[in-house]
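Got a sequence and a set of coordinates, and want a quick way in?

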Amino acid sequence: MIEQDEKRSLIFRNPNLAHGFTQIPNIVLKDQSLSVYAKMLYCLLLAYAWQDKECFPGQERLAGDIGCKRLTITRTLAELKERRLISWTRRGLGKCNIYYIERLEGGYIPKIFIDRGSQG
């Protein structure tokens, strides 16, 4: 048994951890101009959209997952959209929006590069 464990790079001693992980690009994680809620919501949308390129959780669900009010989610979605990290399509009354995770090279400019440009 020990030999088999030595061959694995990651061993889950806690079965709750086996439910998955979500990765966030370091350039987004370290962007000081993004709010903490924006980083958390971006990560949560990545978790919902993983491998599908789109997702459609309701704002109430997102608020419940993060532990904040729906108004905070609405404002934070606008922040992410303004930074071109996400976009969405409205599906109509009573239906959840479809959220799209945008390509980082599609217009997102992290603060670190904005700051470097102003120093030159």
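## The overall layout

Keep in mind that this is a predicted model. The protein has six helices and three strands. Reading from the N terminus, the order of the elements is α-α-α-β-α-α-β-β-α.

Of the 120 residues in the protein, 29% are buried. As for how the chain folds back on itself, take the contacts with a separation of 6 or more: 50% of them come from residues 24 or more positions apart.

## The nonpolar core

If you want to find the inside of this protein, start with its largest nonpolar core, which has 24 residues. L41 and L45 are the ones with the most contacts inside this core. The largest share comes from α3, with eight residues.

Setting aside residues up to four places away in sequence, L45 touches C55, P57, L62, L77, L80, I86, Y99 and I101.

Which residues bring α3 and α5 together? First the geometry: the two helices pack at an angle of about 85 degrees, and their axes are 9 Å apart. That angle makes α3 roughly perpendicular to α5. On the α3 side the contact uses Y37, A38, L41, Y42 and L45, while α5 brings T72, I73, T76, L77, E79 and L80. Sorted by type, the residues of this contact are eight nonpolar, two polar and one charged.

Now turn to α4 and α5. Their axes come within 8 Å and cross at roughly 105 degrees, so α4 and α5 are roughly perpendicular to each other. Here Q59, E60, L62, A63 and I66 in α4 meet R70, I73, T74 and L77 in α5. By type, this contact of α4 with α5 divides into five nonpolar, two polar and two charged residues. I73 and L77 of α5 are listed in the contact with α3 and also in the contact with α4.

## An aromatic pair

How many aromatic pairs turn up in a search of the whole structure? The search finds one. W88 and Y99 form this pair, and the arrangement is edge-to-face, with 6.0 Å centre to centre and 65 degrees between the planes.

The pair links distant parts of the chain, as W88 sits in strand β2 and Y99 in strand β3 (residues 98-101), 11 residues apart. Are W88 and Y99 buried or exposed? Both are buried. Y99 also shows up among the residues that L45 touches.

## Q59, a buried residue of α4

Q59 belongs to helix α4. It counts as buried because its relative accessible area is 15%, under the 20% cut-off. Leaving out neighbours within four places in sequence, Q59 is in contact with R70, I73, T74, L77, N97 and Y99.

R84 lies in the loop between α5 and β2. Its backbone deserves a glance: R84 has a positive phi of about 65 degrees although it is not a glycine. For background, most residues other than glycine have a negative phi.

I109 is in another loop, the one between β3 and α6 (111-119). With a relative accessible area of 48%, I109 is partly exposed. I109 and R84 are 25 residues apart in sequence, and their C-alpha atoms are 8.6 Å apart in space.

Back in helix α3 you will find Y48. Y48 is partly exposed, at a relative accessible area of 29%. Y48 and T22 are separated by 26 residues in sequence and by 9.3 Å in space, C-alpha to C-alpha.

Notes: Residues numbered from 1 in each chain as written. Predicted model: local features only at pLDDT ≥ 70, side-chain atom pairs only at ≥ 80, totals over all residues. Heavy atoms only, no water. Core = buried A, V, L, I, M, F, W, Y, C linked by side-chain atoms within 4.5 Å. Buried < 20%, exposed > 50% of the residue type's maximum accessible area, 1.4 Å probe, protein only. Helix = DSSP H or I, 4+ residues; strand = E, 2+ residues; numbered from the N terminus. Contact = heavy atoms within 4.5 Å. Axes fitted to C-alpha atoms, helices over the stretch in contact; angles between N-to-C directions. Parallel < 35°, antiparallel > 145°, perpendicular 65-115°, else oblique. Nonpolar A, V, L, I, M, F, W, Y, C, P; charged D, E, K, R; others polar. Phe/Tyr/Trp six-rings, centres within 6.5 Å; stacked < 30°, edge-to-face > 60°.
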